[in-house]
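Hi,

Here is the structure I said I would pass on to you.

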Amino acid sequence: MPISLEEQPFKKLSAIGEFGFISRIASASRQGAGVITGIGDDAAVTVPSPGMQLLTSTDMLLEDVHFRHAWHDPYRLGRKSLAVNISDIAAMGGIPRWATLSLAIPADLSLDFLDNFTRGFLSMAAEHGVSLIGGDTCASRNGLAVSVTIIGEQFPDLILRRSGAFPDDEIWVTGTLGDAALGLKLMENGFDSTQPPESSLTKIEGREYLVSRLLDPTPRRSAGLALAESGLVTAMIDISDGLLADFGHIAEQSGVGGVIRLADLPLSSQFRSLAPSLSIDSSILALSGGEDYELCYTAPKANHEIIVAFMKKCGIEAASVGIVTNLPGVKGVNGDGSPCDVQIQGFNHFI
Ligand SMILES: [Mg+2]
């Protein structure tokens, strides 16, 4: 019978050792679809669904590069470390299935932190049908390092790549943009997400929302899958480094360019109400801010109405924000059609 993490209180990792920690994680993990042998042997054994190909992606989160202990509670850090990987599988239209988790752990990190991290990781796994099938732990002399590898699957003709966009396709995005980047600005300006709200509840709630979009992003797994199965889409990517940079990857790999209409970028009500208080150019933040983990995809203009109806039926917010061009380069244009001077740059995380 699985043993919950709560039932085994220890203060330090050294008290239970590497194997003790692994067995705690193994006890708390559930093995889902396609797992023949999970954690505990020299290698995991998995079987893909008949006719599907495998999609593999890996991502690393480093202390003081991608996260700070002062800002990131362990539970949400655990969730995010898997969420960003699920997002990459979603960006290909795939079904996330199996993940490995490797941790380099500083000696002074409490077991309580690791337990909460693991709980967060496994909650994200359970929400998206992902099985944790292995990993590694070792000591770190330079902060916590988290490395996750994820394997997904999909039928070959449904897999969506960055290279499929054509000139005159429309550029679409799911959800809203800039929320996580504004959440980061709020954290940099001293907003403490761990303190209970005291006054001005609406504003606090708005800030909580934006900060949670940074600390606990939602991977668009079902949206990615629905778009892949729809056959309406030509290329797709997830927005981890900002729309401008990430659509730039589609443009580069498809041999095209693009024009993005700033006035059409979808913004949350929380973003609209709080961005002005920080004297931030909203559209620039929405265009180049990172870590929203929404999807950007391209589709023929002729599919516009079908996509609107399809996304509505799926309950997914989607907005047409631009057009693919045959000239190279990605440009932003203002509401009046004038060019917007924005440098294409990746999101800088914390440094
Ligand atoms: Mg990606």
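Helices (H or I, at least four residues) and strands (E, at least two) are DSSP runs, numbered from the N terminus. This is a predicted model, so local features need pLDDT of at least 70 and side-chain atom pairs count only at pLDDT 80 or more, while totals for chains, interfaces and linings use all residues. Residue numbers start from 1 along each chain as its sequence is written.

Now the overall picture. The protein chain has 10 helices and 13 strands. Of its 351 residues, 45% are buried (20 or more other C-beta atoms within 10 Å of the residue's own, with C-beta atoms placed from the backbone).

A straight helix of 16 residues would span 22 Å at 1.5 Å a residue, but α1 spans only 17 Å between its end C-alpha atoms (the expected span is 1.5 Å times one less than the number of residues). There is a bend of about 70° at Phe19, taken as the angle between axes fitted to the seven residues ending there and the seven starting there. Its buried residues are Leu13, Phe21, Arg24 and Ile25, and their cover includes β4 (95-106), α3 (111-127) and β5 (131-140).

Next, the sheets; strands pair if DSSP finds at least two bridges between them. Strands β4 and β5 run parallel, joined by 9 bridges, and Ile105 has Ala139 of β5 as its bridge partner.

The other open sheet I noted has 7 strands, ordered β8-β10-β7-β11-β9-β12-β13, again with mixed pairing. Here β8 (235-239) and β13 (339-340) are the edge strands. β12 (residues 329-333) pairs with β13 in the antiparallel sense over 2 bridges, and Val333 is partnered with Pro339.

Finally, helix α2 (residues 74-91) lies across β8 and β10 (294-299), at about 165° to β8. Helix α7 (residues 243-254) lies across several strands, including β7 (170-174) and β9 (257-261), at about 150° to β8.

Cheers

Terms used
Contact = placed C-beta atoms within 7 Å. Axes fitted to C-alpha atoms, helices over the stretch in contact; angles between N-to-C directions. Buried ≥ 20, exposed ≤ 12 C-beta atoms within 10 Å, placed from the backbone.
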